[in-house]
Amino acid sequence: MKILAVDDDRDFLAYLAVTLGELGYKNVTLANSASEGIRKIDFAVVDFDCIILDVQMPDMDGIELCARIRSMRKYRDTPIVMATTMADRDHIDRAFMAGATDYLTKPLDKVETRARLGVVHQLVREQLRANFAVANAGRDIRSAPAHGFMDSIPLKKVDGAIDMFAMSNYLTTMGIFRAVSMSAVGVQVTNAQRIHEIEGGGVFSEVMVDVANCLSDSLSGTRRMLSYAGGGTFVVLASRSAIPNAAEFGARINRYVSEFEAVYSDLGITLPEVTVGPAIHFRVSQLRAPRRLVEEAVARARETTGQVAVTA
Amino acid sequence: MTPLTPENQAQDDPLAPIRRSFLGHLGDRCLAIDAILERDGGRGIGREEREVIIHHAHRTAGLAASLGFETLGRLASAVESAWTRTPPGDDGTGPALEVTLRFLDEIERVLDEDLVA
């Protein structure tokens, strides 16, 4: 795995290089500032597989740098790990919203670093395999749906959207104490399978992006994150007080969805119908794995399909 | 066979040069913070001086524990938090100043210990 590490503290960079080497990551490029990091990215003959960023740096901080790297097409999906002493919620939230995949707090714990980078490495390998499969699939790939029904769909331009892997890492980073104040809600497009079958994967992904925008708009003004879990299921993460009850929330989302009715009708596309699962609050059984909050919200939303249908 | 002495153990330790560089910077940080506190007994610490203290504490907090200086790392974090919470314009004689003095003591202890070793 080819890693770029950016930190304005040369001692820390040297330490990171040694630690990564001990963990088996020998291909590490170091940059002492955000601008040097960008230069190394621009001039890299082979793209980096993973980027590690400090947050507090002069001129351009790590969160701004993260957003800048994310906006580069070839680094749209590259894991970006923040490594910082800034453990407050504001920095964590801003980092994930800027596109961070994971967040490590300094001083680095070697066991935790090994585990978290191990997962990132696995993600990189899966991405490489997927890219290889697409590049070598020949003509058939073009006639197949752009996205399978259960595939993830990038929601890069949706306000508050992050991918599922990053959302799980976000909860882990927040820690138990802060995670207790949050709730997860699953939102299910009840006719998702039908839309996928009739319209195909390309249109389906566009419809899901529209639903994601409706979801985001329906909670505008509150601090929230949302993610797409595949199969027409979304997860929203917000503070307990920000999430309305399921019926009200469902009706609100569907009101936004109904604004697409005329356009969808003109295009002959089926309008999505949305149901909302119960809000899942943090429990003692989730102490060791806060991500279970998200998994449970997804499962409960899928259970409700056809049971609590709130249509536009 | 090379005998296992502290000297050649240090040679085999990839963190040894980093620790050396860190301790070198630590001495500079100690002097810089000390100079700020010396002025006016720490009562007239302005926004810029406050940022300098936070910056030095931040740098120390990020690496100290990883190099084996756990107490120093904890104190550095405490200094960073204390000054971040202290509103600009505060005279700085409160808890922030107290924890900063303990931080400086710990830096001196670590540097002394290094000299003796």
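Analyst: Helices (H or I, at least four residues) and strands (E, at least two) are DSSP runs, numbered from the N terminus; counted that way, chain A has 12 helices and 10 strands. This is a predicted model, in which local features need pLDDT of at least 70, side-chain atom pairs count only at pLDDT 80 or more, and totals for chains, interfaces and linings use all residues. Residues are numbered from 1 along each chain as its sequence is written, chains are lettered from A and ligands numbered from 1 in the order in which they are written, and side-chain values use heavy atoms, with hydrogens and water left out.

User: How much of chain A is buried?
Analyst: Of its 312 residues, 51% count as buried, meaning under 20% relative accessible area with a 1.4 Å probe, protein chains only.

User: And the core, which residues have the most contacts inside the largest one?
Analyst: Those are A:Ile52 and B:Phe22, in a nonpolar core of 52 residues, that is, a set of buried Ala, Val, Leu, Ile, Met, Phe, Trp, Tyr and Cys residues joined through side-chain atoms within 4.5 Å. Apart from this core lies another, of 46 residues, which includes A:Met82 and A:Leu293.

User: Switching to chain B, what covers the buried residues of H5(B)?
Analyst: The cover includes helices H2 (16-38), H3 (47-63) and H4 (70-85) of chain B, and among the buried residues of H5(B) are B:Phe103 and B:Ile107.

User: Where does H5 of chain B run, and how far apart are its end C-alpha atoms?
Analyst: Helix H5 of chain B covers residues 95-116, and its end C-alpha atoms are 32 Å apart, which agrees with the 32 Å that its 22 residues should span at 1.5 Å a residue, the expected span being 1.5 Å times one less than the number of residues.

Definitions and conventions. Buried means under 20% relative accessible area, exposed over 50%, partly exposed in between (1.4 Å probe, protein chains only). Contact means heavy atoms within 4.5 Å.
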